[in-house]
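Dear colleague,

Please find below the structure that I am handing over to you.

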Amino acid sequence: FLATVNFDHTTEDLSPRFLDRSWIITLAPSQISSESISESGLENAETIVSFKSLLSAFSPKPDDYIPEAVKLKWEKIQDIFRSCGHQIMPRNLKMINCYCLAGCRCMNQGTPESRFAPLDYAVSQKILPLINGSGIQYDDLMHKLADECANMPICHQHIERMMRFAENNMGYYQFFAR
């Protein structure tokens, strides 16, 4: 299923159960011109992709693999969560593994900024949105993640934003803080 959810001052908090089962993709606000809005419905509806085609393109294949550097980075991130008293659920471990298997096949990893791209997207969409709390364990978690994810641009941007917000919010870390 694909859905959009607004998360602002007009909505209720998203439940931890919902977040644990969802991939969170954040979109930057954009300007929409009146010319780009169609009154006739979907343009190019004939090009809609079937679910079967999506599965074929993005499910892991038998010959997919995760490079050793990406595996090691993911193990270090898991160790950080464990050492700070936070558990990553087995369901999420499996989902990230599948994402990285398919992502390593589909994504460019040829530059220093994109070396960990599949893991960068996976952690930013699946793990960071679950962070919601305060105290020394969260402070320790965020600082260790900031160091470990310095070469993962998407995660690093989210972590830095969360840390800036926490400075002005009595040390409360929350992915959705704006």
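Which helices each supply at least two residues of the lining of the second largest pocket? They are H1 and helix H6 (136-148), where helices are DSSP runs of H or I with at least four residues, numbered from the N terminus.

Please note that this is a predicted model, in which local features need pLDDT of at least 70 and side-chain atom pairs count only at pLDDT 80 or more, while totals for chains, interfaces and linings use all residues. Residues are numbered from 1 along each chain as its sequence is written, and side-chain values use heavy atoms, with hydrogens and water left out.

The pocket

The second largest pocket holds about 430 Å³ of space; the volume is that filled by probe spheres set on grid points, which are joined across faces, edges and corners. A pocket here is an open set of points, on a 1 Å grid over the protein atoms alone, where a 1.4 Å probe fits, with protein on both sides within 12 Å along at least five of seven lines; lining residues have an atom within 4 Å of a point. This pocket is lined by 22 residues, and Pro16, Pro129, Leu130, Ile131 and Asn132 are the closest to its centre. H1 gives the most to the lining, with four residues. By class, the lining has 14 nonpolar, five polar and three charged residues (nonpolar: Ala, Val, Leu, Ile, Met, Phe, Trp, Tyr, Cys and Pro; charged: Asp, Glu, Lys and Arg; polar: the others, Gly among them).

The aromatic rings

There are two aromatic pairs (ring centres within 6.5 Å, using the six-membered ring of Trp; planes under 30 degrees apart are stacked, over 60 edge-to-face, the rest tilted). Trp23 and Tyr99 are stacked, at 4.9 Å centre to centre and 25° between the planes. This pair joins the loop between helix H1 (16-20) and helix H2 (51-58) to helix H4 (residues 90-106), across 76 residues. Phe175 and Phe176 are edge-to-face, at 5.1 Å and 85°.

Lys126 has its charged end over the ring of Trp23, 5.6 Å from the centre, and Arg161 lies over the face of Phe175 at 5.3 Å (NZ of Lys or CZ of Arg within 6 Å of the ring centre and within 35 degrees of the ring normal).

Gln125

Gln125, in helix H5 (residues 117-127), touches both Trp23 and Tyr99, along with Ser22, Ile24 and Ile25, not counting residues up to four places away in sequence (heavy atoms within 4.5 Å).

Yours sincerely
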